[in-house]
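Here is a short briefing on one protein model. It covers domains, the ligand shell and helix packing.

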Amino acid sequence: MSNDQDDIAIETRAAVKRYAGQTAVNQVHLQVKRGEFVSLLGPSGCGKTTLLRLLGGLEHPDEGLILLSGKDVTHIPAYGRNTNMIFQQLALFPHMDVYNNIAYGLKVQKTGAAEIKRRVGEILELVQLGSYSRRSISQLSGGQAQRVAIARALVNRPEVLLLDEPLSALDMQLRLDMQRELKRIQREFGGTFIFVTHDQHEAMNMSDRIGVMKAGRLLQYGTPSEIYERPADSFVAKFIGDTNLLPAQVKSRDHTNLLVESCGEKVVAGRSKLKLAAQAGVHGMLSIRYEYVRIGPAAEHCVNRWMGTVTDSTYGGANIQYSLEAGPQLKLQANVLYQPGDIRYQPGEQVQLGFNAEDVLFLEDALSGHGE
Ligand code: ATP
């Protein structure tokens, strides 16, 4: 095995899972490095949970392989793998206290009493519940119960911890606290965590890498900034962050730019961020993040610039979102940072607006559909 392979904690190779003829996971290649926090992100029904269950051995693929630390575990059930899973329903034992919930798995494995005491003590410190060991489960807050579930899943030191939307039942503030807490626990524990979510902010906040899924396929796997700045296609661009997606056709190209026609207007798109060397005639989509659209004096030096009209403005505290008409067909959304005293444009006002060539991405996926 090469060193690179040694770094891989868990892997799927061309994994396929079908249910009654429907393909829930479709040819997924995923390599998760040891010690990383990875999120699987995508809309409801895209196959995130099924992929997680394949990794954990709760399901087995119809085709392809699952490798844990380089070892083929494709047909090994959950109890034979060194992985553990936490579900949204924590399934703690209500009649046992915190200590015994966490110790349960070690007792089943016939671990010695002194070793159990040491390991449960350590893990209680890690999740900061040291003084709660004799508390009954019914006397815990939602956040504390989450920590007990995490402690119980980590106490037998799994190679990989799989988490299926464990925070989705929590209210917003607690959820944000638990995101930070889970990340801290992962860092201190030094383990590999794979986390399923449909919340892009949660994935961006917590992950070393994100896998974006759609209709059973892994569309892109990369760091949060790779996925945000160089989305593989318009679905990913739209799913992560706010972006203007406009149908477009390449007219010509030179070393640095593409000249594109979009919504009846000429647009210069920089090529520095592009992987694809689109040729003249190719149809695709332009992606321009809301925050890259500039208004007023800020638009003065943009290569792509129009006199346009503000059609709507929404105050969001630290920012203002504008709806803009740049041309008869070219409509844009802009998200502008706002501080008290800044100019605030009103609906009906004429403004200069624009964006720089390097802030436009041309994505060659017009035919695969978008915005679903
Ligand atoms: P959600 O965010 O809603 O949980 P998901 O991305 O986790 O969705 P999966 O639960 O993996 O998606 O489901 C993927 C597809 O497979 C869906 O169309 C679902 O209906 C189907 N599916 C999942 N489990 C089963 C099952 N046990 N039997 C039949 N179909 C299933």
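The points below are grouped by topic. The model is a predicted one. Its domain assignment gives domain 1 (3-229) and domain 2 (239-368). A ligand is surrounded by 13 residues.

**Domains**

- Domain 1 spans 3-229, and domain 2 spans 239-368, according to the domain assignment.
- The centres of domain 1 and domain 2, taken over C-alpha atoms, are separated by 39 Å.
- Contact between the two involves 5 residues of domain 1 and 4 residues of domain 2.
- On the side of domain 1 that touches domain 2, helix α8 (residues 224-229) gives the most, with 3 residues.
- That side of domain 1 has 3 nonpolar residues, 1 polar and 1 charged.

**Ligand shell**

- The shell around the ligand holds 13 residues. The closest are Y19, A24, S44, T49 and T50.
- The largest share comes from α2, with 3 residues.
- By class, the shell divides into 8 polar residues, 4 nonpolar and 1 charged.

**Helices α3 and α4**

- The α3 and α4 crossing is right-handed.
- From α3, the contact uses Y99, I102, A103, L106 and K107. From α4, it uses I116, R119, V120 and I123.
- The residues of this contact comprise 7 nonpolar, 2 charged and no polar.

**Helices α5 and α6**

- The crossing of α5 past α6 is right-handed.
- On the α5 side, the contact is made by G142, G143, Q146, I150 and L154. On the α6 side, the residues are L174, D177, M178, I185 and F189.
- Here the classes are 6 nonpolar, 3 polar and 1 charged.

**Helices α3 and α5**

- The crossing of α3 past α5 is right-handed.
- Helix α3 brings V98, N101, I102 and G105 to the contact. Helix α5 brings V148, A151 and R152.
- The contact of α3 with α5 has 4 nonpolar residues, 2 polar and 1 charged.

- Helix α3 takes part in a contact with α4 and in another with α5. I102 of α3 is among the contact residues towards α4 and is also one of those towards α5.
- Helix α5 has contacts with α6 and with α3. I150 is one of its residues towards α6, while A151 is one of its residues towards α3.

How values were computed: Residues numbered from 1 in each chain as written. Predicted model: local features only at pLDDT ≥ 70, side-chain atom pairs only at ≥ 80, totals over all residues. Left-handed = near helix turned anticlockwise from the far one by under 90°. Helix = DSSP H or I, 4+ residues; strand = E, 2+ residues; numbered from the N terminus. Contact = placed C-beta atoms within 7 Å. Nonpolar A, V, L, I, M, F, W, Y, C, P; charged D, E, K, R; others polar. Near = placed C-beta within 6 Å. Domains from an automatic or database assignment.
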